[in-house]
Amino acid sequence: MSDAENPSNPTPDEQTDFEPVQVFDDETEMDLRPGADNCYKCTSCDTSCPVAEVDDDFPGPKFQGPEQWRLKRKDDEDIDDSITSCSNCMRCDNACPSSVPLSQMHNTARGEYVDEQMDKLSREYLRNRLLSNYRIMAEIGSKVPRLTNFALNNSLVQKFNEKVLGITAERDFPAFAEQTFREWWHERGGAQVSSEEKKIAYFHGCYSNYNTPEVAKALVRVFEKFGYEIAVPRQRCSGTPMFANGMLDDAGRAAEVNVSEFSDLIDEGYDVIASCTSCSMSLRQEYPELFEFHGTAEVSAHTYEAMEYLRIHEDLEAEIENASVEEQSFAYHAPCHARNQGLEHQAVELFRELDGVNIEDVGDSCSGISGTYGWKEEKYDTSMKIGEEMFDHMEHAEGNVGMTECPTCSMQMEHGTGYDIKHPLQLLEEALV
Amino acid sequence: MPIREDVLVVGGGLAAATAALAARETGKSVRLVAHKKSTLRQASGLIDVLGYVDGDGPRADPYGAMADLPDDHPYRLVGEEGVREGLRIFDDAVGDAYAGGHTDTNALVPTYGGTVKPTARYPNSVAPGLASIDEDALFVGFESTTDFSAPVVADHVVAAGVPFEARGVTIPFPIRFRDDARASRFARALDRDETTDDGRGVRRVLAEAVEEHLTDEERVGFPAMLGDDHDAEVREELESRLGVSVFEVPTGPPSLLGLKLEDRLFEALDEAGVRLSTGNPAVGYEADGDRIEAVYVDRKRKEIPYHAEQFVLATGGLVGKGIGSDRERVTEPVFDCYVPHSEDRYDWSESAAFGDHAFARFGVVPDEEMRPTTASGEPEFANLRAAGGVVGGADVAREKSASGVSLATAAVAGGRAGEEA
C-alpha cells in the first residue's frame with residue numbers, strides 16, 4: 001500500500017508548510033526543470049507542432065521539453081541534437097493545458113546544446129551565428145543598400161552562400177531600404193507631437209529599420225495622429241533569432257541594452273510598442289524567462305504590439321467604422337508569435353469593419369519560415385512543406401495582397417505566392433492618417 | 001477606451017462556444033476570451049446527454065432518465081427544454097457534420113476501449129458503426145497505434161451483447177512512420193493520398209490490405225484517423241474500393257474527432273460574428289457592488305480589462321482548470337465563486353477508481369438562471385452566469401453527460417445573458 005493511500009505520520013494540518021521544491025538542491029543556475037512535472041503527456045503540444053507535422057524524424061515538443069529534462073537528470077546524458085530542428089514557433093506553449101513552459105525549456109536546452117555540444121568552428125555554428133546576428137550584417141549592408149541588394153541576390157553569391165555557409169540559394173534576400181527608419185527619424189527631427197500623458201517608446205527592431213521603414217513610418221504617423229509622443233531609443237536586436245539558434249550569450253548582451261534603455265523610459269511614463277510580433281513576444285515572454293537584468297519585469301509588463309495598444313487605449317473601432325479606403329482585398333496570416341500573445345484575430349476583426357476592405361484569414365497553419373529556420377539550406381524543404389497549407393489558402397483567398405505583422409512570415413508569403421505583403425499598420429495609416 | 005462588448009464569455013470549449021452562440025442569437029455583441037486550446041482535443045467528439053444514472057444503464061431515453069437525477073443536478077434546473085435548446089444550438093453550429101438529431105433516444109457507439117457508449121450526437125463518420133445496426137463488423141487496427149487493439153475492441157464489443165458478429169485484425173499501415181507517430185500523421189497521409197514505397201496511393205493500398213481480411217462482414221471500423229480536411233473523401237474512397245461501409249471509432253487524445261469539432265465550433269462562432277480573443281487567461285475582475293464591470297485578462301504579466309454588460313463563466317471543470325484545488329480547498333479561480341466541498345480532503349474521493357467521487361461533482365452552485373450562488377444561496381453577482389464543467393452537481397464521467405450538461409447550461413446562461421445585455 002502506498003503512502004498516498006495510508007498517510008503514516010502527519011495529518012494534513014501539520015503539512016501546511018510543506019514546500020515540494022525544498023527537496024531539491026538550492027539551484028541558482030537555470031536548468032530544464034521549470035514546470036516539467038506538470039506535463040501529463042496529453043500530446044496536445046505534439047499535435048500543435050508544425051515541424052512534427054511534416055518531419056517524421058522530429059520527436060516533437062513533449063520530448064524536447066519535459067522528457068528531455070527527465071533524461072538529463074542522469075548526469076551523462078547529452079541534449080538530443082533534434083533540438084536544432086525546433087523552429088521556436090512557440091505554439092506548444094499555447095497548446096499545453098498544464099501551462100508547462102515548453103518554449104522556455106526548448107530555449108534553455110538549445111542554449112546548452114550550442115554551448116556544450118556544438119563545434120564552434122563548424123560551418124553550422126558559424127552560419128547560425130551569422131544568421132542570428134542579422135542586425136550586424138544589416139548595419140553594414142544598409143550603408144550601401146544598392147550595392148548590397150545587388151550583391152546578395154547575385155546568383156554566384158547565392159551559390160557561395162549555399163555551398164560554403166549553408167544558407168539556401170532558393171530565397172532572395174530582402175532588399176535594404178535606401179534610407180533607414182532611424183535616419184528618417186533623425187532627419188525629420190524626432191517626435192513631432194509632445195504630450196504629458198500619452199507617451200510611447202518605439203521598439204522598431206531590425207527589419208523595419210533596415211528593410212521596411214514604411215512600416216515604422218506608418219506606426220509613427222498613426223500614433224502621432226492619436227496624440228502620442230514617441231521616443232525612439234537606442235536599441236539592439238530583440239533576441240528572437242538568437243534564442244532560436246541557441247545563442248543565449250548574444251541574446252543576453254542585446255537584451256541587456258534593450259532592457260536598460262526601455263526601462264529608463266518606462267520610469268518616465270512611456271509604454272513600449274513594437275510593430276513586429278516576434279519582437280514584442282521576446283520582450284514580453286522570453287526576457288523574463290531567460291534573463292534577470294534590472295528592469296526586465298517592467299519592460300515585459302509594459303510592452304505591447306502596436307494595434308493591440310491602440311485597441312486598449314483608443315476607440316479604434318469607432319475610428320475605423322468612420323473611415324474608408326480604396327477598394328482592396330487582403331489574405332491575412334497571423335504569425336505564430338502573434339497567436340501566442342492573443343493577437344491572432346485582431347487585424348481581421350478590425351479591418352472587416354473598414355469600408356472598402358475585404359480581408360480573409362488564411363487559416364491557422366504556420367508560415368514555416370520561422371525567422372532564420374527557413375534560411376538554412378538543410379531546413380528549407382521542411383520550411384516550404386509547413387508553408388504549403390498557407391500558400392494554398394492564400395491562393396484561394398479573394399485578395400492577392402498578403403497581410404501579416406511578422407517580417408519573416410511576410411518573406412515566406414511573398415516567396416510562396418509572389419504576392420505583395422503589407423503590415424496592418426500600413427492599412428491603418430491609409431485609413432486614419 | 002477599453003475593449004467593450006454586450007456579453008463576454010470566458011472559456012474556449014463546448015460550453016463557451018455554445019453560450020456565445022446563444023447570446024449572439026439575441027443580436028447582442030459577444031466576445032469569447034479563451035486561454036489554452038480547449039479540452040475538446042482530449043474528448044471523443046461525441047455529444048453525450050445522459051447514459052447512466054447512479055451507475056445504472058445504459059439508458060435508452062436520456063430525457064426520461066432525467067427524472068431520476070438528484071435535485072441539485074444541473075439538468076433538474078434547466079429541464080428537458082434547456083437540453084433540447086442546447087442540442088438545437090449545437091445542431092445549427094455543426095450543420096450536417098453530425099448525426100443523431102433524428103431521434104430522442106441514445107445511440108450506442110463502440111469506443112476504442114471496446115465499450116459501447118450511449119450518446120446523442122455523433123460525427124457522420126461514426127454513424128455506420130453504431131452497435132444497434134445489425135451488420136457484422138471487421139475492426140482494423142494498425143501495428144504502430146498501440147492504444148487501439150482491433151481484436152480487443154471486437155471482443156469487448158461482442159461481450160457487450162451487440163446483435164452482430166465482430167472480428168478484429170491488426171495490419172501494418174501501408175506507409176511506415178516513426179514508432180510513436182501521432183494519429184494526425186496517419187490522417188494527413190490519407191488526406192493527401194501520399195504514395196507508398198511502390199508508388200501507389202495509400203488509400204488504395206490500405207483498401208487492398210483490408211480486403212484480404214474481409215470475409216462476409218458488411219462494415220469495417222478504423223480508429224478515427226481517416227483524414228482531416230478531406231475526411232469524407234477518404235471514407236468514400238475506402239467504401240467504394242471495399243464495397244462495404246466504413247466507419248471511425250472515436251479515440252483517446254489527441255482526438256481528431258475532438259479537434260475537428262473544435263474547428264467547426266470556432267468556424268460557427270466566426271460566421272455568427274462572435275469576436276475572439278484567445279491565448280491569454282482571465283485572472284480576475286472589477287465589480288461595482290454586485291455587478292461585474294470587467295474581466296481582467298493576463299496578457300503576459302499585464303492585466304487588460306475586457307468590459308461587458310453580462311458575463312458567462314465557462315472555463316471547464318477540474319481537467320479544464322476552471323475549478324482549482326490545493327491541499328486545503330477547492331476554488332473557482334476567476335471570480336472566487338463558492339464551491340461547496342468537505343473541509344477534510346480525504347472525503348473528496350473514494351478509494352475505488354470508478355467510485356462515486358465527490359470531486360467529480362465539484363463546481364459552482366447555480367440558481368435557475370445559471371447564476372453561481374454564495375453559500376447562503378444568493379447570486380454571487382447579478383450579471384454573472386456559469387455554464388459547462390465549472391457548474392457542479394453532475395458526475396459527468398459516470399453519467400456520460402458531459403456534453404449535454406455543457407450544451408444545456410450554456411444555452412440557458414448564454415441566452416439569458418444576451419437577453420439582459
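**View 1. Helix H15(A) bends by about 35° at Leu283(A).** In this predicted model, the helix covers residues 277-290 of chain A, 14 residues in total. From first C-alpha to last, H15(A) reaches 18 Å, close to the 20 Å expected at 1.5 Å a residue. Look around the helix and you'll see it is largely enclosed by the rest of the structure, because 13 of its 14 residues are buried.

**View 2. Chain A meets chain B.** Here 50 residues of chain A and 35 residues of chain B make the contact. Together the two chains bury about 3,800 Å², with 42% of that on carbon and sulfur atoms. One pair to pick out is Arg352(A) with Asp270(B), whose side chains meet at 3.2 Å, N to O, in a salt bridge.

**View 3. Arg31(B) and Glu349(A) form a salt bridge.** The closest N and O atoms sit 2.7 Å apart. This pair crosses between chains: Arg31(B) belongs to strand S2 (residues 30-34) of chain B, and Glu349(A) to helix H20 of chain A. Arg31(B) is buried, at a relative accessible area of 1%, and Glu349(A) counts as buried too, at 13%.

**View 4. Glu353(A) sits in a loop of chain A.** The loop runs between helix H20 (346-351) and strand S6 (355-361). Glu353(A) is partly exposed, with 36% relative accessibility. Setting aside neighbours within four places in sequence, Glu353(A) touches Ile320(A) and Glu321(A). Ile320(A) is 33 residues away from Glu353(A) in sequence, yet their C-alpha atoms are 6.7 Å apart.

**View 5. Two salt bridges within chain B.** In helix H10 (residues 402-420), Glu420(B) and Arg416(B) lie four residues apart, about one turn of the helix. Their side chains meet at 2.9 Å, N to O. Glu420(B) is partly exposed at 37%, as is Arg416(B) at 26%. The other pair is Asp198(B) with Arg200(B), at 3.0 Å, N to O. Asp198(B) is partly exposed, with 49% relative accessibility, and Arg200(B) also counts as partly exposed, at 26%.

**View 6. Confidence along chain A.** The chain averages a pLDDT of 89, and 92% of its residues score at least 70. Over residues 1-16, though, pLDDT is below 50, and the stretch has eight contacts beyond near neighbours in sequence. Residues 18-24 also stay under 50, with two contacts beyond four places in sequence.

Notes: Residues numbered from 1 in each chain as written. Chains lettered and ligands numbered in written order. Predicted model: local features only at pLDDT ≥ 70, side-chain atom pairs only at ≥ 80, totals over all residues. Heavy atoms only, no water. pLDDT = per-residue confidence, 0-100. Contact = heavy atoms within 4.5 Å. Helix = DSSP H or I, 4+ residues; strand = E, 2+ residues; numbered from the N terminus. Expected span 1.5 Å × (residues − 1). Bend = angle between axes of the 7 residues up to and from the residue. Buried < 20%, exposed > 50% of the residue type's maximum accessible area, 1.4 Å probe, protein only. Buried area = accessible area lost by both parts, 1.4 Å probe. Salt bridge = Lys/Arg side-chain N within 4 Å of Asp/Glu carboxyl O.
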